[in-house]
Amino acid sequence: MIAIRRAAFITAAVVLLFPVGCARSPAPEDIAVEYGRAIYRYDAAAIYRLASATDRRAKDEETVRAQVGAPTGFALDIIRHLALFVEAKPVDTRLTGSRATVSLKLTLPDANAPEIRTLAHDWDETALDALSDAERADIRRKLDELHERRKLPVVEGKETFELVKEDGGWRLVLDWGGAIPVRLSASAAKTPALDVTTTPAEIRAKPGESFRVTVRAKNVSGHEVTTRVGHRITPEADASFLALLQCPLFLPATFKPGETKEFVSEYLLLKDTPGRVTAFRVTYEFANDDRGF
């Protein structure tokens with residue numbers, strides 16, 4: 001099961017509406033729109049390409065890919081189909097030498113709306129991947145019909161982007177160098193029957209950014225195991241600034257002998273995180289269900 005980020009975290013999901021001819025390089029508005037479209041599509045390669053040279057020195061593409069995360073299979077296909085319906089209107093563009101500030105008004109499909117969640121089988125990746133080609137085509141057709149009848153649920157928002165002009169054209173200033181490291185780990189000391197890992201092991205996020213973490217657990221014993229997971233964020237005094245948006249680990253999980261399960265959590269580093277915060281550590285602690293925490 002996956003969760004699709006809500007409009008409160010619109011980092012700009014938009015479709016390229018500004019025509020780009022062969023006679024000129026893309027304008028700042030074009031790049032801002034393309035970046036927003038890449039965010040909605042979970043397109044890590046495009047996000048990295050559109051970042052400034054300074055930002056690319058602070059993070060490599062694999063780190064960006066791990067932070068962006070993404071649904072897989074047909075779930076991702078649906079998201080990228082929805083991206084075709086996103087709209088953007090320029091509100092304001094200010095140029096100062098090699099710098100630009102672009103504001104866009106955004107309208108994008110609300111992937112968490114009941115109408116879309118129902119068509120997407122509540123974003124259950126396993127169920128979606130089991131669909132036939134005809135069933136998948138039917139979902140796309142129904143999404144198209146909702147859009148054509150202007151019944152597709154949408155959310156609106158406004159985003160402002162900072163850009164810098166480089167040799168390769170306009171690029172986004174994302175301040176990746178000012179990101180806060182979040183180190184992630186899992187402990188099964190109280191449940192030795194499980195082998196657990198987290199991916200990635202570290203994320204660098206700046207205030208206002210969300211990221212996804214995959215916890216993978218395998219029952220390496222010959223008997224069934226039921227476990228609960230404790231979720232620890234340190235330093236505890238600042239834990240409230242790292243908001244947990246989604247975590248399927250609150251409920252007990254049962255593993256058959258040899259069984260492997262994956263759990264995806266999503267976090268948001270709040271915009272008002274104070275400058276004194278320099279790092280976080282998140283630990284998932286597995287323990288037998290009858291032991292508690």
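These are my notebook entries on a few spots I looked up in this predicted model.

**Ground rules**

I number residues from 1 along each chain as its sequence is written. Since the model is predicted, local features need pLDDT of at least 70 and side-chain atom pairs count only at pLDDT 80 or more, while totals for chains, interfaces and linings use all residues; side-chain values use heavy atoms, with hydrogens and water left out.

**Entry 1: R171**

I started with R171, which is in strand β4 (residues 169-172). R171 is buried and has no salt bridge. Buried here is under 20% relative accessible area, exposed is over 50%, and partly exposed is in between (1.4 Å probe, protein chains only). A salt bridge needs a side-chain nitrogen of Lys or Arg within 4 Å of a carboxyl oxygen of Asp or Glu.

Which side chain of opposite charge is nearest to R171? I get E166, 5.1 Å away. On charge, Lys and Arg count as positive, Asp and Glu as negative, and His and the chain ends are not counted.

What I did find is a polar atom of the R171 side chain 3.2 Å from the backbone oxygen of R49. I also listed what R171 touches (contact: heavy atoms within 4.5 Å), not counting residues up to four places away in sequence. The list is I31, R49, L50, A51, S52, E162, L163, V164 and E166.

**Entry 2: salt bridges**

How many salt bridges are there by this rule? The count is 13. I looked at a few of them.

R117 and D122 pair at 2.7 Å, N to O. D122 is partly exposed, at 35% relative accessible area.

Next I went to helix α8 (residues 133-148), where D138 and K142 sit four residues apart, about one helical turn. Their salt bridge has its closest N and O atoms 3.2 Å apart. Both ends are partly exposed: D138 at 25%, K142 at 33%.

R141 and E145 are also four residues apart in α8, again about one helical turn. The closest N and O atoms of their salt bridge are 2.7 Å apart. R141 is partly exposed at 39%, and E145 is partly exposed at 30%. Salt bridges with shared partners join D138, R141, K142 and E145 into one network. As a reminder to myself, an α-helix has 3.6 residues a turn, so residues three or four places apart point the same way.

**Entry 3: helix α1**

Helix α1 (residues 28-40) has 13 residues and reaches 19 Å from first C-alpha to last, close to the 18 Å expected. The expected span is 1.5 Å times one less than the number of residues.

Is α1 mostly covered or mostly open? Mostly covered, with 11 of its 13 residues buried. Among the buried ones I noted P28, E29, D30, I31 and Y40. I31 is also one of the residues that R171 touches. The cover over the buried residues of α1 includes α2 (44-50), α5 (73-82), β1 (87-96), β2 (99-109), β3 (154-166) and β4. After α1 comes Y42, with a positive phi near 60°.

Most residues other than glycine have a negative phi, and most peptide bonds are trans. I noted some exceptions.

W123 is not a glycine, yet its phi is positive, about 60°. W123 lies in the loop between α6 (114-119) and α7 (125-129) and is buried, at 0% relative accessibility. R150 has a positive phi of about 60° too. R150 is in the loop between α8 and β3 and is exposed, with 74% relative accessible area.

As for cis peptide bonds, T199 and P200 are joined by one, omega about 0°. P200 is in the loop between β6 (194-199) and β7 (202-205). The bond from T234 to P235 is cis as well, omega near 0°, and P235 is in the loop between β9 (225-234) and β10 (242-246).

**Entry 4: strand β12**

Last stop was β12 (residues 260-269): seven of its 10 residues are buried, so the strand is largely enclosed by the rest of the structure. Strand β8 (residues 210-219) pairs with β12 in the antiparallel sense over nine bridges; pairing needs at least two bridges found by DSSP. R216 has E262 in β12 as its bridge partner. β10 and β12 also run antiparallel, joined by four bridges, and L244 has Y267 in β12 as its bridge partner.

Definitions and conventions. Helices (H or I, at least four residues) and strands (E, at least two) are DSSP runs, numbered from the N terminus. A polar contact is a pair of N or O atoms within 3.5 Å; within protein, one must be able to donate a hydrogen and the other to accept it, and residues adjacent in sequence count only if both atoms are side-chain atoms.
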